[in-house]
Amino acid sequence: MTDFTIVLRSLRLRFFSTVVTALLVATSAGLLLSILALRSAGKAAFERGSGNAHLLVSADQSPLVAVLNGLFYANPPRAPLSRAKVAEIRSLFPWEFVVETQLGDSYRGFPVLATTREFFTRFEPVVAQPWALSQGGFFEGNMQIVLGAAVARETGLRLGAKLVLTHGSGDSREHGEATNEHRGHEHREYEFEVVGILDATGSPHDRALFISLESSWILHAHDRREREGVEGKVVPADLLDEDRKITGMLLRLPTRSGSSVSGALQQVFDTLRRDTSITVAQPADQIDKLFAIVSNIDGIFIALAVATLCSSAVAILLSMVNSMAERRRQIAVLRVLGASRARVFGIVLTEAMLIGFAGATLGILLSAIAMSVATAWIRASLGLIISPDFDARASILVAAGAVLLAALAGLVPATLAYRTSVAKQLRPLG
Amino acid sequence: MNNEGILSVCTCAEVRKAPYHVRLMSPAASAPSALSIRALSFSYPARERANGFHLSIEAFDLARASECLLVGRSGGGKSTFLQLVAGLLEPSHGSIAIEGVELFAPTTNRDLLRGAKLGFVFQTFNLLQGFSAAENLLVALMFSAIPKADWQARSASLLEKLGIDAPNARVEELSVGQQQRVAIARSLVCRPALVLADEPTASLDPENARIAIALLREHCAAEGAALLVVSHDPSLVPLFARVEQLADLTREGATR
């Protein structure tokens, strides 16, 4: 028999209120931990999606928009880069790779990225994780299309399937049919054949389709020729310079073996930035900036979770104070058996801390379950792989905070216990 | 005065002259009384007792292994007297010593003394709910001077002696009679010098009351503990060799 046994017996006697109070602490601690974990995991997921390109060049209004459009397919870029500018940038430095891209078409709401073969052979959607195919191969020629993993899953398209693309963003990404207002015209004259399906990368690329640049140029040359009154299918020889539009460039500088960082990056970045006709962005930096912007919202969520944790401490206080009426006699008996005031104070305080500790432990478990559910949902619906690693430090801090708050809440009932008049409680003695 | 515990009424002058130690007041200096009271005076604060209750006892001794029934009318101060002896109330003047240890001396840890030297039996038992019979004894042992290694054996032995056949049952699952026995066992488990019983039979029928008192007396004697029973039940009077009227012990204060 120890003081701790007395604490456990006392909690068992008030089983219902103990469990409810511990669940309140668990919910708030779990909420706080989940927000903290998802915040860092969300950032990691975005960083993951930025791939191994050091720089992204486009004609967007700002670097952040360039990254959101060029790598996260938020919207088609506002304007193309000129052919001369693309050639100039290509020749400016000894790049490790230059991948030209063009966005503008879609299929059932999923963006279609027109690019070169280097997009698959040099660009890595996730650092140190090259593209892999689950079926088929990459496009070898025109009118061939490769599907991201999420697109294949959601559309049910298989190898050999034929499809036509929509000019513009087309319909909603979540619903099959678009309103006329948002529907772009379909390039019905040119059918694409599915030649490959990519493995999931856990990046936004999973929700895109990929065709060759020349295929895209042919579609748009067809539109131009229609406007000019020229009929018939377009062949590569019909393409003019104005058809060969590039909306973005993914660039990577040479690095030392085993390193992903280039010593020349800042200098190159500064050089390109001086050119006001283009927008140049370092994807990783822009992700940092994006999260710096949303961190204020994070702060509000965290503050709300902390407030919930504090209110659960108040619940501990109320529950224990309410139980004091029935406990005073027990405390008086302990005192009469020889327990000092300090010891009784310690027993009641330990009860509060134990509720806090049990709640926090349960909260860590709840948080782990909630995060695994959320991760699966985000992966299924957004194609983002969120990996909320168990953060031992945050868990310990939250648990310690919960125990500390519970201890503060326990001070009131512990003081009431300390001040319990044995003579009054046992009057008449018996 | 002898060491079997005889009420001694001293004059105030005699008490003041005596050194502040009960052993010097006792003729049997070799064996301190289980309980020794000298020139005790106590008043409730006016806010607690409107009638200005005042208790004053010149001298009272109870030897180890002896027993005494203290009777008195309801509201006469019996419980107050026990609370003073338990160190739960602090007297205005005078001294109370348990086995020669002055209860209200600045150097005395009253909680430790209470846990080690005193046992209590209450009218409604005041067992710890949610605890088993054995655990009720173990909780008492936590605050005693008995080594931890002996706790299990000590509690099991006492419960067996008192006929508790389900020591691991929660006390609220036991019959009233069994609870009474557990309460008696708890009062004795720490080998106290003195057991204080406040109206131990008030909630029992006459037959169970007789059994309870018999058990209490028998086991206090067996453990060598003095027994001080406070009751207003006249049926107990014939059972005790020494019976004191509280009214005889007290000096009526000016307010009464």
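**Close-up views of a two-chain predicted model**

**View 1. The interface of chain B and chain A.** Chain B and chain A bury about 2700 Å² between them, and 63% of that area is on carbon and sulfur atoms. Please keep in mind that this is a predicted model. Which residues of chain B lose the most area to chain A? They are B:Phe131, B:Met142 and B:Phe143, which together account for 21% of what the chain B side buries. Counted by residues, 30 of chain B are in contact with 27 of chain A.

**View 2. A salt bridge with one partner in each chain.** Here the side chain of A:Arg9 meets that of B:Glu135 in a salt bridge, at 2.2 Å from N to O. Side chains of opposite charge can pair when their charged atoms come close. How many salt bridges does the rule find across the interface of chain B and chain A? It finds two.

**View 3. Helices H5 and H6 of chain B.** Helix H5 (residues 133-142) and helix H6 (residues 151-161) of chain B have axes that come within 10 Å and cross at roughly 130 degrees. That angle makes H5(B) oblique to H6(B), and H5(B) passes H6(B) in a right-handed crossing. On the H5(B) side, look for B:Ala133, B:Ala134, B:Leu137, B:Leu138, B:Leu141 and B:Met142. Their counterparts in H6(B) are B:Trp151, B:Gln152, B:Arg154, B:Ser155, B:Leu158 and B:Leu159. Sorted by class, the contact of H5(B) with H6(B) holds nine nonpolar, two polar and one charged residues.

**View 4. Helices H2 and H11 of chain A.** Helix H2 (residues 15-49) packs against helix H11 (residues 392-418) of chain A at an angle of about 150 degrees, with the two axes 10 Å apart. H2(A) and H11(A) are therefore roughly antiparallel to each other, and H2(A) passes H11(A) in a right-handed crossing. From H2(A) come A:Val25, A:Ala29, A:Leu32, A:Leu33 and A:Leu36, which meet A:Ala394, A:Ser395, A:Val398 and A:Ala402 of H11(A). Eight residues of this contact are nonpolar, one is polar and none is charged.

**View 5. Helices H9 and H11 of chain A.** H11(A) returns here with helix H9 (residues 283-337) of chain A, packed at an angle of about 30 degrees with the axes 8 Å apart. H9(A) and H11(A) are therefore roughly parallel to each other, and their crossing is right-handed. H9(A) contributes residues including A:Leu309, A:Ala313, A:Met320, A:Arg328 and A:Ile331, while H11(A) brings in, among them, A:Ala402, A:Leu405, A:Val412, A:Pro413 and A:Leu416. What is the make-up of the contact of H9(A) with H11(A) by class? It has 17 nonpolar residues, no polar and one charged.

**View 6. A salt bridge within chain A.** A:Glu193 forms a salt bridge with A:Lys162, their closest N and O atoms being 3.8 Å apart. A:Glu193 lies in strand S8 (residues 192-198) and A:Lys162 in strand S6 (residues 162-163) of chain A, so this pair ties together parts that are 31 residues apart in sequence. Searching the whole structure gives 27 salt bridges over all chains.

Note on methods:
Residues are numbered from 1 along each chain as its sequence is written. Chains are lettered from A and ligands numbered from 1 in the order in which they are written. This is a predicted model: local features need pLDDT of at least 70, side-chain atom pairs count only at pLDDT 80 or more; totals for chains, interfaces and linings use all residues. Side-chain values use heavy atoms; hydrogens and water are left out. Axes are lines fitted to C-alpha atoms, for helices over the stretch in contact, and angles run from 0 to 180 degrees between N-to-C directions. Helices (H or I, at least four residues) and strands (E, at least two) are DSSP runs, numbered from the N terminus. Angles under 35 degrees count as roughly parallel, over 145 as roughly antiparallel, 65 to 115 as roughly perpendicular and the rest as oblique. A crossing is left-handed if the near helix is turned anticlockwise from the far one by less than a right angle, and right-handed if clockwise. Contact means heavy atoms within 4.5 Å. Ala, Val, Leu, Ile, Met, Phe, Trp, Tyr, Cys and Pro count as nonpolar, Asp, Glu, Lys and Arg as charged, and the others, Gly among them, as polar. Buried area is the accessible area (1.4 Å probe) that two parts lose on being put together, summed over both. A salt bridge is a side-chain nitrogen of Lys or Arg within 4 Å of a carboxyl oxygen of Asp or Glu.
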